[in-house]
Amino acid sequence: MLVFVHACRVQPVDPTQPGTGSPTGKTADQYSADVAIQWASLQLKLTKTTAGFSPTVASRAYGYAGIAMYEAIVPGLPDHQSLAGQLQGLTTLPLPEANQTYNWALSANAAQASIIRNLYVTTSAANKALIDSLEKVLNAQFKESDEPANQRSIAFGQKIADALFEWSKTDGGHEGYNRNFPASYVVPTGPGLWQPTENGLKIPMQPYWGQNRTFLKANNDLPMPKPLSYSTDVKSSIFAQYLDVYAKSKNLTQVEKEIAVWWADNPTDTFTPPGHSYSIATIAVKTAKANLAKAAETFARTGIAVSDAFVLCWRCKFVYNNLRPYTYVRLAIDPKWIPFWPAPPFPGYPSGHATQSSSAATVLSDLYGDNFAFTDDSHVGREKDVSRNVEFKPRSFKSFMESAQESADSRFFGNIHTRQDNETGLAEGKKIGANINALIWKK
């Protein structure tokens, strides 16, 4: 049972009926996307600068923040449906008061401020001040002359955030930033299994993350893909996979190096790989000049996409514990080999980059079209990677799937994933995203 900090009316949601109490005033699609864009941008900064926000932990935070944005404004969209009753464990949410006026920009602002404070509770004092400041600035920007409506709207957004945060505590990932590398985990050993990589970490990152609850039951129930059988026989299919990685390391072009570095998205240096997808969602909202309603749905779908992708990808990783090219190539091909990019501290199969990028691209394509052209400027302004002679230049794409493919390819160019890792991730991501698109978003 959910416990709400603020007193509020809670009702079960019937997906076939309006669940809004028929509030009056402007509908949510009559507001600009400024609130959504500014909060998404701040969350990207918080992820980069808050200790413990590994890709898995970050993906979950984007998921809950995106849902909070959507649920705070969905009662103001008569043709849209709440996700309550559609996501695992989320049976009810607060409803607005019947026949009352609401300011949906203020509701979204309050919901974002509240849930992000809770999700990033360990962030620095300077970052907490940024949260407070943005909430205050946006309240001043969007408040209207009807002060009771302003206060009512803020209270509703806070109630939504409180309810969603209480729900989040039951998914298995609560405060995951405190246990990225649990000392209790015993690393399996044996032929073909993951081994500690050159960064010296003996415990893999978030080995239990795959046990977390997915947002969608349909995603949880997807069959787990199986990798090729392990062998060091030079005639085996798996040997050919790793030999391909080794061969590519010997003839990387400058463009391929740029792709590898652009998509690396290491934690602390960037907003992580799922943050890159959230950044692309922000770019889509800006490029399309979307309104608040479209923006909120964009961030909700993208957040769910990257979060479920990481749970399912990590589940598969720690069932098979597939070894990285770094280990296999040194064992079976070249004992002195050094990959272009350091191997991440967790098993290889399937690629997290490919899975989450494909899942996000699938939901964004459904919202904006299969041929939505955009320029990814997510890393423009970063200092040149001098050791690899790579500058951070914007990259343009003809579609979201084209960018997802490049994200997957980047890990092959970085010599840290085989093609089977990437191909499986892309395929599984499309399934995850398709299930999200199949939710009842509109009545």
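Mentor: Start with a definition: helices (H or I, at least four residues) and strands (E, at least two) are DSSP runs, numbered from the N terminus. This is a predicted model, where local features need pLDDT of at least 70, side-chain atom pairs count only at pLDDT 80 or more, and totals for chains, interfaces and linings use all residues. Residues are numbered from 1 along each chain as its sequence is written, and side-chain values use heavy atoms, with hydrogens and water left out.

Trainee: Ok. Which helix has glycine 66 in it?
Mentor: Helix 2, residues 55-73.

Trainee: Is glycine 66 buried or exposed?
Mentor: Glycine 66 is buried, at 0% relative accessible area. Buried is under 20%, exposed over 50%, and partly exposed in between (1.4 Å probe, protein chains only).

Trainee: What is glycine 66 in contact with, leaving aside neighbours within four places in sequence?
Mentor: Tyr278, Ala296, Phe299 and Ala300. Contact means heavy atoms within 4.5 Å.

Trainee: New topic. How do the axes of helix 12 and helix 13 cross?
Mentor: At roughly 175°, and they come within 8 Å. Axes are lines fitted to C-alpha atoms, for helices over the stretch in contact, and angles run from 0 to 180 degrees between N-to-C directions. Helix 12 and helix 13 are therefore roughly antiparallel; angles under 35 degrees count as roughly parallel, over 145 as roughly antiparallel, 65 to 115 as roughly perpendicular and the rest as oblique.

Trainee: And how many residues of helix 13 are buried?
Mentor: 10 of its 14, so the helix is mostly covered. Among them are Phe400, Glu406 and Arg411.

Trainee: What follows helix 13?
Mentor: Asparagine 415, with a positive phi near 70°.
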